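Biologist: I am new to this structure and would like to go through it one question at a time. Please give each cut-off when its term first comes up.

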Amino acid sequence: RAKNNGRGSAAFFDQEMDEHARERRALEHDLRHAIARDQLHLMFQPLVATAFGSIVGYEALLRWDHPEKGAIEPDQFIPIAEESGAIVAIGEWVLREACAVAATWPENVSIAVNVSTVQFQVPNLPAVVRDALAQSGLDARRLELEITETAFLRNRQSALKALHEIRALGVRVAMDDFGTGYSSLSNLKAFPFDKIKIDKSFIAAIADDEAARSIVRAIVGLGRSFNMPIVAEGVETEEQRQMLLDEGCPQAQGYFFGYPAANPFLHDSRHEIPDEELTGKARGEATR
Ligand code: C2E
Ligand code: MG
Ligand code: MG
Ligand code: MG
């Protein structure tokens, strides 16, 4: 009986694996057409000054509207895109789209774009970034790339070269999800980042876990001595915001300040000013 059970669950396990692999292949296939079929779009989540809540920029977050499956989360399709190599074209689309959108925003608002480790290993990434800036007219100083430290696990020399080339364009580079990698501190020493984003797992624990709070305090201290601004990700409550403020963490991001949403500066100009407030000249132009 025990043996039967064992075989039975093994067979069930195989079947599940098949199902999983099939699902993955289907998504991989669909993902190849996602750009051409206009199924990708960006959402924008505010990055704020912790003390004032004033918006300093937005992070672009990718969304895939699958025709049958509906909205698919990036955590579900980015790994597939990375494995198949589709991330290179998708990442290029994200960069162009994000720069084009941000170029229409007020000049003091910056845009942060996530770049996959896989993109980071393609030698033409700096050229792709340069082109996205040139085509959109966006000032390089308003663009920030976010990479995780897995980008520095392999090919450290070429990763370092890419980092230097991108920063030479005037684009800032942030280390994303800081603290979750296996050698965060040595990477900070070896690679010149402009900013550190503390992973949201630390922020989630900060209110009830003294250890998490100590880690956040240490990271903020590190940022100060390395002259790298620190951003806290995943801030969901006023209590967390207050603690981060007390620890001296200058920037924050999270549902407490704003969810990822459509282009925040996109509105229909026809509804912007009530008609009677238009000057004669403007009214004349509007009806022409
Ligand atoms: P990330 O870059 O660390 O982005 C932050 C994630 O945390 C986003 O999830 C965001 O919606 C979520 N988040 C923001 N505030 C809160 C909060 O207060 N609480 C909680 N629990 N979550 C919060 P999202 O949009 O699902 O993206 C997940 C990950 O997918 C991103 O993590 C990033 O690694 C990747 N990703 C997203 N867009 C792109 C892209 O265009 N290219 C690449 N290569 N990766 C992307
Ligand atoms: Mg990010
Ligand atoms: Mg993150
Ligand atoms: Mg992440």
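Biologist: Is the crossing of α3 and α5 left-handed or right-handed?

Modeller: Helices (H or I, at least four residues) and strands (E, at least two) are DSSP runs, numbered from the N terminus. A crossing is left-handed if the near helix is turned anticlockwise from the far one by less than a right angle, and right-handed if clockwise. By that rule the crossing of α3 and α5 is right-handed.

Biologist: Before going on, which pLDDT do local features need in this predicted model?

Modeller: Residues are numbered from 1 along each chain as its sequence is written, chains are lettered from A and ligands numbered from 1 in the order in which they are written, and side-chain values use heavy atoms, with hydrogens and water left out. The model is predicted: totals for chains, interfaces and linings use all residues, side-chain atom pairs count only at pLDDT 80 or more, and local features need pLDDT of at least 70.

Biologist: How are the directions of α3 and α5 related?

Modeller: Axes are lines fitted to C-alpha atoms, for helices over the stretch in contact, and angles run from 0 to 180 degrees between N-to-C directions. Helix α5 covers residues 125-136, and α3 and α5 pack at an angle of about 30° with their axes 8 Å apart. Angles under 35 degrees count as roughly parallel, over 145 as roughly antiparallel, 65 to 115 as roughly perpendicular and the rest as oblique. Therefore α3 and α5 are roughly parallel.

Biologist: How many charged residues are in the contact of α3 with α5?

Modeller: Contact means heavy atoms within 4.5 Å, and here Glu92, Leu95, Arg96, Cys99 and Ala100 of α3 meet residues of α5 including Leu125, Val128, Asp131 and Ala132. Ala, Val, Leu, Ile, Met, Phe, Trp, Tyr, Cys and Pro count as nonpolar, Asp, Glu, Lys and Arg as charged, and the others, Gly among them, as polar. The contact has eight nonpolar and two polar residues, and its charged residues number three.

Biologist: What percentage of the chain's residues are buried?

Modeller: Buried means under 20% relative accessible area, exposed over 50%, and partly exposed in between (1.4 Å probe, protein chains only). The chain has 11 helices and nine strands. Of its 288 residues, the buried ones make up 41%.

Biologist: Is alanine 60 buried or exposed?

Modeller: Alanine 60 lies in strand β2, residues 55-66. Setting aside residues up to four places away in sequence, alanine 60 touches Leu42, Met43, Phe44, Ala98, Ile111, Ala112 and Asn114. Because its relative accessibility is 4%, alanine 60 counts as buried.

Biologist: What is the relative accessible area of arginine 213?

Modeller: Arginine 213 is found in helix α9, residues 210-226. Neighbours within four places in sequence aside, its contacts are Ile206, Met243, Asp246 and Glu247. Arginine 213 counts as buried because its relative accessible area is 16%.

Biologist: Where does asparagine 155 lie?

Modeller: Asparagine 155 is not a glycine, yet it has a positive phi of about 45°. It is partly exposed, with a relative accessible area of 46%. Its place is the loop between β5 (143-147) and α6 (156-168).
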